[in-house]
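Please go through the briefing below with the model open beside it.

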Amino acid sequence: MAAFDVLIAGAGPAGAAAARTLATCAPNLHVAVVAAANGRRCRGEVLSPLAQPVLRQLGLWSAFLAQGFAPSHRTLTAWGEAGLQSSELLLEARGPAWRVDRARFDDWITSAACSAATRIDAKVFTLERDADGWSVDCGDGTRHSARLVIDATGRANALVRRQGRRARAQDRLVAAYAEGTASGQAAQELLVEAFDDGWWYTMSLGEGRHVFVCMTDADIARSLRLNTPHGWHAALAKTQFISAIACKVDRIERLRLVPAGGRSATMPVGFRFLCAGDAANAFDPISGHGVVKAMRSGVFAAYAASDCLVRNDDAALDRYGAWVAREVAAYEAALREHYGSESRWADRPFWRRRCADVSSSSPPLQ
């Protein structure tokens, strides 16, 4: 058995940011990162300009730039009206957005940010509370103790589920995801287009590769048969701008459905226990803040852990929990407003569900 001060389950952006922050603000704490090696699949994603201040805070900005991810200076949208609108980022004080292959980004930040922690190639199998913290069984014949545990297992919310609790689902959103390769010139920017059963996005991953993603609710995805090439292409044909780009792609492949809905943990904090990143609250991808939010959450979770263990500040975890609650409230208000700005298909189930949310919601928090 090894004894740690902090055990972080998960080595994605949230877990990595927490490990990196603890190495800086509390270097005397013995930190472990528990994560099984897995074959991450490519998933195109755009990091908002807010990635820069967070990566600078982590001391990883120069290393990020050295990875050669492509900057994105504008986003094209067909939302709320038939035409295509352009949101320019040239004058954005925090710089451009960034188009990343999510699997490559995650591999990079895990390697760069977790170097000071003890890496355990396993998954947390059971979690038991004891007088001083937690006893953790990694299911590989090893058991460890930790004074404080951070659940950074993403949407799986694995450690909270181990304690018999489930996350609160906010919707039934799924992503029907596919990749393709263009032999000629095709648009590089992120393009988002609403349609009658949800919305699509596409973006370039470089070297001619593009991702095409249809976002809709799980029951609608079943009725559209989005898990089949025929159904997926039929939904694509409903778009004007996304389908025009897809026409330049030689072959669409790797079609798969993945959960993408918003959810929040029913227990973001507990006795010497914190959730970070998507384990605390997972955002609808239309928010555009998934990775940045996860990294920021990891930073704040690390500060709370440090204050609790190093400064004996018993209120630190509750302050973190209050911050998570404020973040969720702000996100939900912004989400309602954004979906409410699209009214062309208000009678269709996907939009009716979200318009109902708008009409029954409270005014956005100030």
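Does Ala16 count as buried or exposed? Ala16 counts as buried, because its relative accessibility is 0% and the cut-off for buried is under 20%. The model is predicted. Its mean pLDDT is 88.

**Ala16 in helix H1**

- Ala16 sits in helix H1, which covers residues 13-25.
- Beyond its neighbours within four places in sequence, Ala16 touches Ala11, Ile109, Thr110, Ala113 and Cys114.
- Val299 is 283 residues away from Ala16 in sequence. In space, the C-alpha atoms of Ala16 and Val299 are 9.1 Å apart.

**H1 against H9**

- Helix H9 spans residues 290-310.
- The axes of H1 and H9 come within 7 Å of each other. They cross at roughly 40°.
- The crossing of H1 and H9 is right-handed.
- On the H1 side, the contact is made by Pro13, Ala14, Ala17, Ala18, Thr21, Leu22 and Cys25.
- On the H9 side, it is made by Val291, Ala294, Met295, Gly298, Val299, Ala302, Tyr303, Ala305 and Ser306.
- By class, this contact has 13 nonpolar and 3 polar residues. It has no charged residues.
- Val299, whose C-alpha lies 9.1 Å from that of Ala16, is among the H9 residues in this contact.

**Ala305 in helix H9**

- Ala305 lies in H9.
- Ala305 is buried, because its relative accessible area is 0% and buried means under 20%.
- Leaving out neighbours within four places in sequence, the contacts of Ala305 are Leu22, Leu148, Ile150, Leu274 and Leu317.
- Leu22 is also one of the H1 residues that meet H9.
- Leu317 is also one of the H10 residues that meet H9.
- Ala305 and Ala156 are 149 residues apart along the chain. Their C-alpha atoms are separated by 22 Å.

**H9 against H10**

- Helix H10 runs over residues 316-340.
- H9 and H10 pack at about 160°, with their axes 8 Å apart.
- The two helices are therefore roughly antiparallel, because the angle is over 145 degrees.
- H9 and H10 make a right-handed crossing.
- H9 contributes Lys293, Arg296, Ser297, Phe300, Ala301, Ala304, Ala305, Asp307 and Cys308.
- H10 contributes Ala316, Leu317, Arg319, Tyr320, Trp323 and Glu327.
- By class, the contact of H9 with H10 has 9 nonpolar, 1 polar and 5 charged residues.
- Ala305 takes part in the contact of H9 with H1 and in the contact of H9 with H10.

- Arg225 has a phi near 55°, a positive value in a residue other than glycine.
- Arg225 is in the loop between helix H6 (218-224) and helix H7 (229-236).
- Arg272 has a phi near 45°, again positive in a residue other than glycine.
- Arg272 is in the loop between strand E19 (269-270) and strand E20 (273-275).

**Confidence**

- Of the protein's residues, 93% reach a pLDDT of 70 or more.
- Over residues 358-366, pLDDT stays under 50.
- For residues 358-366, the model has 7 contacts beyond four places in sequence.

Methods:
Residues are numbered from 1 along each chain as its sequence is written. This is a predicted model: local features need pLDDT of at least 70, side-chain atom pairs count only at pLDDT 80 or more; totals for chains, interfaces and linings use all residues. Side-chain values use heavy atoms; hydrogens and water are left out. Helices (H or I, at least four residues) and strands (E, at least two) are DSSP runs, numbered from the N terminus. Buried means under 20% relative accessible area, exposed over 50%, partly exposed in between (1.4 Å probe, protein chains only). Contact means heavy atoms within 4.5 Å. pLDDT is the predictor's confidence in each residue, from 0 to 100. Axes are lines fitted to C-alpha atoms, for helices over the stretch in contact, and angles run from 0 to 180 degrees between N-to-C directions. A crossing is left-handed if the near helix is turned anticlockwise from the far one by less than a right angle, and right-handed if clockwise. Ala, Val, Leu, Ile, Met, Phe, Trp, Tyr, Cys and Pro count as nonpolar, Asp, Glu, Lys and Arg as charged, and the others, Gly among them, as polar. Angles under 35 degrees count as roughly parallel, over 145 as roughly antiparallel, 65 to 115 as roughly perpendicular and the rest as oblique.
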